[in-house]
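Here are my notes on the complex. Please read them with the structure open.

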Amino acid sequence: MFSYTIKRFLMMIMTILIIATLTFILMHSIPGSPFNEERTTNETIQANLERFYKLDEPLPVQYMYYLKSIVTLDFGPSIKKPNETVNELLARGFPISFELGMVTILVAVISGVLLGTFAALRHNGIIDYFAMTFAVIGISVPSFVLATLLIQKLAVDYNIFPPATWSSPMHMVLPVLALATGPMAIIARLTRSSMLEVLTQDYIKMARAKGLSPFRIVARHALRNALMPVVTIMGTMLAGILTGTFVIEKIFAIPGMGKYFVESINNRDYPVIMGTTVFYSTILVFMLFVVDLVYGFLDPRIKLHKKEGDA
Amino acid sequence: MKKWLLLLLTAVFALVLTACTANNDAGEKPADKDGEDKETETAEEKVLYLNNGSEPTSFDPSVGFDAVSWNALNNLMEGLTRLGEDHQPVEATAEKIDVSEDGLTYTFHIREDAKWSNGDAVTAKDFVYGWTRMLDPNTASPAAFLGYFIEGAEAFNTGEGKIEDVAMKAVDEKTFEVKLTAPTDAFLNIITNPSFFPINEKVATENAEWFTEAESFVGNGPFQLTSWEHDAKMVFEKNPEYWDADTVKLDKVEWAMVNDTNTEYQMYQANELDVSDVPSELAAELMDSEEVSIQDQAGTYFYRFNTTMEPFTNEKIRKAFATAVNQQEIVEFVTKNGEKPAHGFVSYGFQGPDGKEFRDTVGNLVEFNAEEAKKLLEEGMKEEGYDTLPTVTLTYSTSDTHQNIAVALQAQFKEALGVDVELANVEGSVFASEQKELKYQLSRSSFLHDYADPVNAIESFITGSSMNRTGWSNAEFDKLIADAKAETDAAARWQLLMDAEKVLMDEMPIFPIHFYNQVALQKPNVSGIVRHPVGYLDLKWVDKTNE
């Protein structure tokens with residue numbers, strides 16, 4: 001287990017470095033610069049700005065600064081928001097995105113698993129059809145459509161929830177609903193199909209034969225195995241949702257970090273592009289790593305350390 | 001193994017709990033505040049709810065050169081002059097302004113009762129400090145070019161001169177003096193710009209980052225910054241130290257930062273905002289609403305020909321394309337935002353010494369005329385010896401509005417000239433850099449004024465200007481602009497500028513589409529929001545009555 005963890009950890013570092021390097025290359029190969037605006041600033045001023053952000057240095061030198069910024073975890077000041085460093089932007093935006101993401105994931109997982117399980121237990125029954133119709137709608141309706149609809153109906157027409165901004169738990173309801181519906185539907189479908197498969201297995205029959213209560217069979221024996229595919233997709237899903245979703249954050253005016261991904265690229269705000277990419281890939285790679293570890297706990301048949309030890 | 005699982009679950013649970021508690025804490029404070037607001041509001045407190053779109057880039061007067069910073073900052077600070085309700089500059093922090101006979105030396109006498117929000121007196125030194133900071137090459141202020149009217153400023157800013165040679169000084173505590181390189185009619189207007197705001201020297205030397213948080217921010221405007229949750233919300237309160245505090249009727253301004261027009265509009269409908277933009281999909285529907293306010297904005301939406309690339313090397317072909325454009329149709333059926341069609345480059349909002357609009361005096365310099373267009377195209381093609389016109393590609397930066405206009409132009413060229421123009425769209429930042437490199441034949445553009453004088457717009461097209469981007473160069477035009485800048489007689493200067501615009505539109509390296517405007521939805525109980533054609537949002541005179 002230990003050597004596996006170490007090995008995976010080193011691979012994580014390598015992956016992040018490769019992503020970081022690719023980002024750097026791509027970033028500098030697209031035309032345009034942070035100071036390219038409709039209103040042209042005077043050339044001397046532009047030169048001053050470039051000198052300030054070290055953009056006048058040759059690319060290899062900039063790359064070295066960049067690597068240094070990754071190692072020291074200090075991405076320097078943003079170009080478009082000169083009074084703030086990238087670290088400050090991330091430190092401010094991430095907790096909010098994380099909070100929204102965590103609540104969303106909880107809602108999505110709990111309701112998705114419940115929905116999927118009930119659908120499987122009542123296979124081809126009314127509940128099943130209802131749940132799966134709901135899931136198909138959930139998957140096919142994009143979150144931003146749902147978001148606009150929710151605001152219009154629940155905030156503007158009926159005035160139950162505030163339409164946007166981020167200040168009280170009431171403000172969380174609409175964005176969480178909009179954001180959780182898609183993942184919930186995916187989880188429900190996955191749970192249902194793997195549950196159906198698991199329920200036909202011999203050991204479930206065995207459990208029934210032993211006379212265990214249906215609840216115990218489902219909760220203790222079936223669900224645990226049925227959740228494997230859910231756990232598999234959770235890694236990417238978590239990384240995506242926790243680091244902020246641009247569209248939902250924009251629609252609900254949530255001050256998370258989602259917008260920095262898109263804005264920084266439009267603005268060619270190099271330090272922010274680098275900061276967000278490295279941050280996102282670190283979280284993504286880390287989540288995948290956690291998922292691999294969780295496999296082992298959920299299914300004792302997957303013995304990571306032995307396999308890796310042999311290799 | 002189970003223990004591990006339990007541990008992991010506990011860890012996740014704990015994380016969620018902390019996230020939730022963090023939320024509860026963070027959530028309760030504003031919720032409480034809202035409660036307070038509602039209570040006190042009934043006690044006649046006047047709170048205006050606005051949306052700033054996004055987090056201000058910077059409240060450092062020298063740095064944040066954009067509307068999201070300056071619409072707000074304009075109400076927190078004040079320069080020597082301020083634009084009045086009629087958009088003309090009036091004395092503000094300065095009580096009296098003396099101009100020397102040659103129009104070069106300005107002496108500003110600062111009000112005795114001009115105070116900073118922390119109670120300090122506003123002094124001439126604060127202006128020297130603020131302006132020096134803007135011009136300092138190390139600040140890299142994007143607004144520094146506005147200061148080039150001051151003697152020695154350009155040299156200092158470009159690193160060739162010294163600060164001692166910049167002709168501005170604090171004569172005494174309350175007297176500030178500057179000397180210009182040439183008489184500049186627009187000078188009192190230019191210094192209403194936020195980059196010319198004073199900076200409290202004492203505050204700034206103690207804390208170089210004074211402008212980044214509400215706690216440390218010190219202003220001298222009608223309002224003071226009392227709370228600033230970055231990326232989320234700002235609260236302004238009436239500044240009791242402001243010299244003209246009696247005029248200010250609002251008690252508070254709360255700014256949301258909603259960067260989605262539809263959401264903004266929905267919040268407006270839900271009475272969470274008093275002012276909103278008009279979502280473009282609803283423009284046609286809402287334009288006739290009584291809550292819509294339309295104001296001029298000095299600036300032009302136009303297209304650039306590349307005069308170094310065939311077929312637009314030929315003047316007649318350029319004119320053919322320009323006269324094939326029906327501006328009226330575009331504003332009426334395409335943009336549908338209440339804009340005025342543009343038949344010249346300089347927009348409305350500039351009155352000459354005779355009191356007449358620049359635009360009206362010059363008149364229409366380009367108008368739709370399909371027959372004339374066809375004729376010009378034939379003549380042009382003959383001159384160049386073309387049997388068929390080289391392929392023309394029209395390039396625009398990716399956006400729905402730009403695309404709609406581009407498609408309309410494509411149809412108009414086809415209809416009037418029988419020419420099939422190809423369309424290409426390019427991502428914004430790439431577009432900006434490639435346009436400067438003259439890589440496009442025909443491309444969209446826009447100009448918004450930095451200060452309220454026609455020369456600001458027209459001089460874009462002098463030879464070698466970074467705003468030129470057409471490859472066009474005309475000695476007569478360059479001379480007219482140079483003469484206008486040196487001219488001391490206001491009427492003569494005005495005439496030179498009008499002549500320059502005529503030369504420009506005669507050779508037509510560009511053609512205009514429409515002038516900009518500022519459209520907003522505004523609750524009927526709100527009055528007095530001033531939107532200048534050039535300048536920033538002013539809330540000094542705003543009043544809000546209870547519905």
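1. In what order do the 4 strands of the open sheet in chain B run? The order is β4-β5-β7-β6, and the pairing is antiparallel. The edges are β4 (94–99) and β6 (168–172) of chain B, each of which pairs on one side only. On average, neighbouring strands of this sheet are turned by 20 degrees against each other, direction ignored.

2. β6(B) is joined to β7 (residues 175–179) of chain B by 4 bridges, and the two strands run antiparallel. Within this pair, Met168(B) has Val178(B) as its bridge partner in β7(B). Helix α3 (residues 124–135) of chain B packs on the sheet. The helix touches β5 (105–110), β6 and β7 of chain B, and its direction makes about 170 degrees with that of β6(B).

3. Next, the hairpin. β8 (residues 223–229) and β9 (residues 233–238) of chain B pair in the antiparallel sense over 6 bridges. Glu229(B) is bridged to Lys233(B) of β9(B). The hairpin has 3 residues between its strands. In the turn, Asp231(B) has a positive phi of about 65 degrees.

4. β9(B) has a further partner to check. Strand β10 (residues 252–256) of chain B runs antiparallel to β9(B), with 5 bridges joining them. Here Met234(B) has Trp255(B) as its bridge partner in β10(B). As a reminder, strands of a sheet pair through backbone hydrogen bonds, either parallel or antiparallel.

5. On annotation: the unreviewed UniProt entry places "domain: Solute-binding protein family" on residues 89–466 of chain B. In the model, this span is 29% helix and 21% strand. Its end C-alpha atoms lie 29 Å apart.

6. Chain A is another matter. It has 14 helices and 0 strands. The C-alpha trace of chain A spans about 85 × 65 × 30 Å along its principal axes. Of its 311 residues, 39% count as buried. Among contacts in chain A between residues at least 6 apart in sequence, 73% join residues at least 24 apart.

7. Now confidence. This is a predicted model. The predictor gives the complex an ipTM of 0.78 and a pTM of 0.82. Chain B has a mean pLDDT of 87, and 92% of its residues reach 70 or more.

8. One stretch of chain B needs a caveat. Over residues 16–42 of chain B, pLDDT stays under 50. The model has 20 contacts beyond four places in sequence for these residues. Where pLDDT is low, the predicted coordinates should not be read in detail.

Notes:
Residues are numbered from 1 along each chain as its sequence is written. Chains are lettered from A and ligands numbered from 1 in the order in which they are written. This is a predicted model: local features need pLDDT of at least 70, side-chain atom pairs count only at pLDDT 80 or more; totals for chains, interfaces and linings use all residues. A residue is buried if 20 or more other C-beta atoms lie within 10 Å of its own, exposed if 12 or fewer, and partly exposed in between; C-beta atoms are placed from the backbone. Two residues are in contact if their C-beta atoms, placed from the backbone, lie within 7 Å. UniProt positions are given in the numbering used here, feature names are shortened, and annotations may be inferred rather than shown by experiment. pLDDT is the predictor's confidence in each residue, from 0 to 100. Two strands pair if DSSP finds at least two bridges between them. Axes are lines fitted to C-alpha atoms, for helices over the stretch in contact, and angles run from 0 to 180 degrees between N-to-C directions.
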